[in-house]
Amino acid sequence: MRALISVSDKKGIVEFASALEKLGWGLIATGGTLRTLRDAGLKVSDIQDVTGFPEICEGRVKTLHPKVHGALLARRDKEDHLKQISENGIEPIDMVCVNLYPFEATVAKPGVTMEDAVENIDIGGPSMLRSAAKNFRDVTVVCDPADYDSIIEEIKTSGNTTPETRLKLSAKAYTHTALYDSHIAAYMRDKAGLPEKLFLAFDALQPLRYGENPHQKANFYRSGKEVAYSVAYARQLGGKELSYNNIQDANAALNIVREFEQPFCVALKHMNPCGAGVGKDLKEAWTRAYEADKVSIYGGIVAINRPLTAEVAALMKPIFLEIVMAPSFEPEALEVLASKKNLRLLEVKMDNSREKADLYVGITGGLLVQDADVDIKELTADMCVTKRKPTDKELKELDFAWKIVKHVKSNAIVVAKDGATAGVGAGQMNRVGSAEIALEEAKALGITGGLVLASDGFLPFGDTVELASGYGVTAIVQPGGSIRDEDSIKVADEKGITMLFTGMRHFKH
């Protein structure tokens with residue numbers, strides 16, 4: 001039995017090759033792998049001695065040879081195959097252990113040149129993997145160091161890998177080369193300005209019990225690159241398995257949290273905030289978020305942007321929550337919540353990054369791709385379009401409401417006061433309907449004066465402003481841009497309301 005080894009990632013390769021040698025396998029290697037194994041004292045043949053042909057073109061050509069691919073592709077159950085390789089002095093190779101040049105890591109480096117990228121496109125490696133994977137009935141193909149130990153144990157037990165294992169390893173090898181080629185294709189198409197193909201690669205994280213409803217199957221995947229504010233890269237410290245809807249809601253909550261630098265807490269239900277608040281510390285932020293809607297928070301998700309303390313954990317404990325997310329949890333806080341066996345506790349990387357990322361939304365038979373809406377304008381007094389200008393306090397309150405309304409399903413209205421939401425109107429077919437919901441929520445809390453209002457879209461008529469004035473709204477922020485902007489400005493001036501136009505819209509469908 002012979003194994004051909006040529007790896008870029010040399011983690012564990014000496015131990016793997018040593019184990020094969022002890023089991024009686026002959027070893028063949030190339031380039032740097034050959035030196036590594038010989039330095040470890042292993043008896044290894046040089047690929048040049050097998051092919052009878054030297055490496056050429058700075059190592060670009062070393063394994064592209066019939067004595068390699070004939071040795072891999074010849075079927076052991078076909079007499080003519082065996083006769084042909086024998087007549088040509090080709091000895092079968094029974095295992096290929098290959099991983100590829102680090103193309104993805106290379107192109108991710110700042111300032112990488114096209115020349116550097118091209119030199120890290122592996123040719124021989126994928127060719128050997130494909131040949132071995134095609135002939136999986138006879139050849140074991142290994143591309144992942146994580147498989148080394150189990151392969152050795154199987155050979156020790158059975159004398160060789162089993163057909164079932166070889167099939168699985170074949171599928172894994174084709175996945176590896178497909179992913180590798182997709183990274184190259186995406187890079188080259190980007191450089192060539194060819195956008196008509198989109199290649200996506202995500203790693204399976206876990207199967208889910210079901211999707212949005214029990215009759216729907218679902219799986220959870222994540223991108224290969226860790227990012228901040230990601231439930232896909234969160235560390236679960238307690239509670240039962242996340243569901244499909246949990247993940248959707250958690251993602252929505254984390255997108256809101258990333259808007260704030262001061263201590264902040266948001267409670268969320270069905271992908272809409274039901275209460276949110278800032279404060280001088282986490283306790284005040286939590287209290288404001290909770291007091292904003294004590295009913296809707298039941299069975300909801302909470303996200304905070306400060307380490308969870310035992311004091312705040314004790315305030316959360318009596319309430320039925322599905323998930324609590326934080327950048328970290330104090331040990332005492334974990335002790336407080338330990339009795340809530342089903343409560344999911346997620347530790348999430350938070351760094352206030354506004355790194356651009358693509359957002360994918362599936363439709364029947366298609367896919368929509370857009371930049372994630374991570375930008376937001378800081379509100380300033382010169383955005384005011386009414387006679388009365390905002391006070392410093394109003395400007396601060398408007399800034400808070402504007403950051404929250406960005407994440408509410410359109411048509412969206414948020415009213416706020418004293419660093420907390422007082423009412424949220426979401427997903428209505430007209431903006432007045434959303435405003436009525438939000439304002440009535442504020443009224444139910446006994447807040448009828450000094451409110452600010454944020455709208456995710458422009459107000460084409462004066463009706464929303466008229467309605468808001470009756471509930472004690474003193475300041476409004478909206479994108480502006482309607483051909484009838486003057487109608488809402490006129491009503492605002494009549495009612496003594498200050499109004500800001502941001503020039504930036506944040507629809508969320």
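Me: Which residue's side chain meets that of Lys-393 in a salt bridge?
Reply: This is a predicted model, in which local features need pLDDT of at least 70 and side-chain atom pairs count only at pLDDT 80 or more, whereas totals for chains, interfaces and linings use all residues. Residues are numbered from 1 along each chain as its sequence is written, and side-chain values use heavy atoms, with hydrogens and water left out. A salt bridge is taken as a side-chain nitrogen of Lys or Arg within 4 Å of a carboxyl oxygen of Asp or Glu. With 3.1 Å from N to O, the partner of Lys-393 is Glu-397.

Me: Which helix holds both Lys-393 and Glu-397?
Reply: Helices (H or I, at least four residues) and strands (E, at least two) are DSSP runs, numbered from the N terminus. The two residues are four apart, about one turn of the helix, and both lie in α15.

Me: Is Glu-397 buried or exposed?
Reply: Buried means under 20% relative accessible area, exposed over 50%, and partly exposed in between, with a 1.4 Å probe and protein chains only. Lys-393, at 47% relative accessibility, is therefore partly exposed. Glu-397 has a relative accessibility of 8%, so this residue counts as buried.

Me: How many salt bridges does the structure hold?
Reply: In general, side chains of opposite charge can pair when their charged atoms come close. For this structure, the total number of salt bridges is 21.

Me: Is α8 roughly parallel or antiparallel to α10?
Reply: Axes are lines fitted to C-alpha atoms, for helices over the stretch in contact (heavy atoms within 4.5 Å), and angles run from 0 to 180 degrees between N-to-C directions. Helix α8 (residues 124-134) and helix α10 (residues 163-192) pack at an angle of about 150°, with their axes 9 Å apart. Angles under 35 degrees count as roughly parallel, over 145 as roughly antiparallel, 65 to 115 as roughly perpendicular and the rest as oblique. The pairing of α8 with α10 is therefore roughly antiparallel.

Me: Which two residues does a cis peptide bond join?
Reply: Asn-411 is found in the loop between α15 and β16. Omega is about -10° at the cis peptide bond, which joins Ser-410 and Asn-411.

Me: What is the phi of His-270?
Reply: His-270 lies in the loop between β9 and β10 (272-278), and its relative accessibility of 65% is why this residue counts as exposed. Although His-270 is not a glycine, its phi is positive, at about 50°.

Me: What is the relative accessible area of Asp-418?
Reply: Asp-418, in the loop between β16 and β17 (420-425), has a positive phi near 55° while being a residue other than glycine. The residue is partly exposed because its relative accessible area is 39%.
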